[in-house]
Amino acid sequence: TFVSEIFMTPAEAFNAPFERIRLEKSAGRISGEFIYLYPPGIPILAPGERITEAIVSYILYAKEKGCSLTGSQDMTLSSLQVVQ
């Protein structure tokens, strides 16, 4: 399991300047979008949370297993929107 670290509110993250970077390079950055594992639809990552190596590993694992991941603008989850 992993623990989320909230760095800014979702509203602040939604309104902040952002960039899109490769998922594998996103650890340490602040998420600008939601990532959900569906079902059950609980967010793995929310805007304003710091992306950790554990979260990146979990997303990669879920992708490898064919799980349904939603929420990202990049439906392949090759990249994530992060706060600049």
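**Ground rules.** Residues count from 1 along each chain as its sequence is written, and side-chain values use heavy atoms, with hydrogens and water left out. Since the model is predicted, local features need pLDDT of at least 70 and side-chain atom pairs 80 or more, while totals for chains, interfaces and linings use all residues.

**Rings.** I looked up aromatic pairs (Phe, Tyr or Trp rings, Trp by its six-membered ring, with centres within 6.5 Å) and found two. Phe 14 and Phe 34 sit 6.3 Å apart, centre to centre, with 50° between the planes, so I noted the pair as tilted (under 30 degrees is stacked, over 60 edge-to-face, the rest tilted). Phe 14 is in helix H1 (residues 10-15), and Phe 34 is 20 residues away in the loop between strands E1 (18-22) and E2 (35-38). Helices (H or I, at least four residues) and strands (E, at least two) are DSSP runs, numbered from the N terminus.

Why is the pair of Phe 34 and Tyr 36 stacked? Their ring centres are 5.3 Å apart and the planes are at 15°, so the pair counts as stacked. Phe 14, Phe 34 and Tyr 36 make one aromatic cluster.

**Backbone.** Most peptide bonds are trans, and most residues other than glycine have a negative phi. I found a cis bond from Tyr 38 to Pro 39, omega near -10°, and another from Pro 39 to Pro 40, omega near 15°. Leu 77 has a positive phi, near 55°, and lies in the loop between strands E4 (68-70) and E5 (79-83).

**Burial.** Is Leu 77 buried or exposed? Leu 77 is buried at 3% relative accessible area (buried is under 20%, exposed over 50%, partly exposed in between, with a 1.4 Å probe and protein chains only).
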